[in-house]
Amino acid sequence: MPVFPYPTTHDVPLILAPMAGVSESPFRRLCRQWGADVVVTEFLSAEGIRRENEATMSKLRFGADERPIGVQIFGADPDAMREAAALVTDVFQPEFIDINFGCPVKKVVRRNGGSGCLKDLDLVEQVIRAVRSGTNLPVTCKIRSGWNEEMRDPVKIALRCQAAGVGAIALHPRTRTQMYTGHAHWDEIAAVVEALEIPVIGNGDIKTAQDALRMRTETGCAGVMIARGSFGQPWIFRQARALLNGEPMPAPPSVEERFAVAIDHCRMVMAYETDLVGAALEFRKHLGWYVKGLPNSAELRRALHTVNSFDEVEGIFAGYLASGWHREALDAAADSVVAAELDAELLETEH
Ligand SMILES: Cc1cc2nc3c(=O)[nH]c(=O)nc-3n(C[C@H](O)[C@H](O)[C@H](O)COP(=O)(O)O)c2cc1C
């Protein structure tokens with residue numbers, strides 16, 4: 001089994017994916033508490049870091065309880081990437097620096113950043129070598145399967161990244177043109193695992209803990225990276241860990257527990273952010289995710305979607321609990337545990 005270039009608690013680490021506007025310090029801490037072995041910051045512009053742009057620098061703050069943590073940077077200018085890596089290393093000392101070769105957003109790829117680099121693999125190598133020359137920390141990268149269908153060749157891209165010296169690589173097996181449509185081609189993760197000597201982290205379409213186990217079994221990936229599957233359910237990491245250990249999956253939290261996690265998350269944000277009004281507005285999306293799927297939750301969602309301060313949240317939750325509607329959720333949760341156990345048994349018989 002290839003060895004990770006940074007310390008991990010488990011042989012097959014579960015990793016919280018880099019996500020702009022989501023994998024921020026409070027959510028990273030929460031996911032670490034719920035069993036994520038490693039976390040990664042959202043992508044940060046190398047130019048912003050090298051110019052010490054205030055907004056960018058503030059996103060680099062993290063706590064000791066988030067470690068091991070990777071700082072993800074993006075940019076197509078090797079000099080800027082080297083300088084950014086050097087500054088991040090000197091000032092913040094994360095466990096590793098991750099290079100983003102996957103971002104599909106127009107604003108980023110227009111300047112060849114993110115997945116834009118995938119059109120030019122010489123540039124990919126140059127960027128990796130530049131970052132490595134700016135830091136003594138391990139350097140990793142996250143790629144997509146290619147720029148578009150014609151250029152789709154994850155093995156070729158990954159081999160070039162390995163040759164340039166990355167210590168691990170995460171693959172989101174979609175092309176840039178696919179954005180987030182279609183499905184992630186897990187067979188491509190298996191092919192890259194087969195071709196490389198360094199750890200390959202699988203990513204894409206893990207919505208449940210069972211999906212994490214399935215990805216590991218089907219692809220042989222060295223680590224599993226979860227992005228959208230963590231929205232409103234950071235306990236997915238604890239559940240996935242149990243399944244990877246061959247243990248029964250812990251039941252999802254009750255509605256009361258789910259609300260307690262959301263409140264915990266609110267408190268972490270309040271402790272971290274300085275602009276609490278802006279932070280509360282930003283937090284509405286998390287609140288929506290925490291209550292997704294609860295019975296009769298339309299009104300609850302509407303109320304949460306209009307909060308202007310964190311103080312309002314507890315009262316809204318209490319109102320919902322007092323209505324008694326959540327009792328139906330308890331029954332639904334019990335059903336989902338039974339379904340999960342059935343799935344796990346089926347998987348065992350298949351492999
Ligand atoms: C809101 C959001 C923000 C994202 N931001 C980043 C980012 O900053 N860096 C990155 O490498 N990928 C980013 N991604 C991509 C995810 O890390 C991941 O590759 C993708 O969502 C597929 O995984 P999933 O199916 O588990 O969501 C983002 C995805 C989402 C949904």
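Mentor: The chain's secondary structure comprises 15 helices and nine strands. Please bear in mind that this is a predicted model.

Trainee: What makes the radius of gyration of the chain agree with that of a compact globule?

Mentor: A compact globule of 351 residues would have a radius of gyration near 20 Å, and the chain has 20 Å, so the two agree. Along the principal axes, the C-alpha trace spans about 60 × 50 × 35 Å. Buried residues account for 55% of the 351 residues.

Trainee: Why is Thr-175 called buried?

Mentor: Buried means under 20% relative accessible area. Thr-175 has 1% relative accessibility and therefore counts as buried. Thr-175 belongs to strand β7, residues 169-175.

Trainee: Which residues are in contact with Thr-175, leaving aside its neighbours within four places in sequence?

Mentor: They are Arg-144, Gly-146, Trp-147, Asn-148, Glu-149 and Arg-152. Contact requires heavy atoms within 4.5 Å. For Arg-152, 23 residues away along the chain, the C-alpha separation from Thr-175 is 6.8 Å.

Trainee: What distances apply to Ala-227 and Arg-228?

Mentor: A polar backbone atom of Ala-227 is 3.2 Å from an oxygen atom of the ligand. For Arg-228, an N or O atom of the side chain is 2.6 Å from a ligand oxygen atom. The protein covers 88% of the 610 Å² of accessible area that the ligand has on its own.

Trainee: What is the make-up of the shell around the ligand?

Mentor: Its residues divide into seven nonpolar, five polar and four charged. Of the 16 residues around the ligand, those that come nearest are Ala-20, Gln-72, Asn-203, Asp-205 and Arg-228.

Trainee: Which residues of helix α9 are called buried?

Mentor: In α9, residues 209-219, the buried ones are Ala-209, Gln-210, Asp-211, Ala-212, Leu-213, Met-215 and Thr-219. Each is thus under 20% relative accessible area, because that is what the term means. Gly-220 follows α9 and has a positive phi, near 70°.

Terms used
Residues are numbered from 1 along each chain as its sequence is written. This is a predicted model: local features need pLDDT of at least 70, side-chain atom pairs count only at pLDDT 80 or more; totals for chains, interfaces and linings use all residues. Side-chain values use heavy atoms; hydrogens and water are left out. A residue is near a molecule or strand if one of its heavy atoms lies within 4 Å of it. A polar contact is a pair of N or O atoms within 3.5 Å; within protein, one must be able to donate a hydrogen and the other to accept it, and residues adjacent in sequence count only if both atoms are side-chain atoms. Accessible areas come from the Shrake-Rupley method with a 1.4 Å probe; for residues, only the protein chains shown count as cover. Ala, Val, Leu, Ile, Met, Phe, Trp, Tyr, Cys and Pro count as nonpolar, Asp, Glu, Lys and Arg as charged, and the others, Gly among them, as polar. Helices (H or I, at least four residues) and strands (E, at least two) are DSSP runs, numbered from the N terminus. The radius of gyration is taken over C-alpha atoms; the globule rule is 2.2 Å times the number of residues to the power 0.38. Buried means under 20% relative accessible area, exposed over 50%, partly exposed in between (1.4 Å probe, protein chains only).
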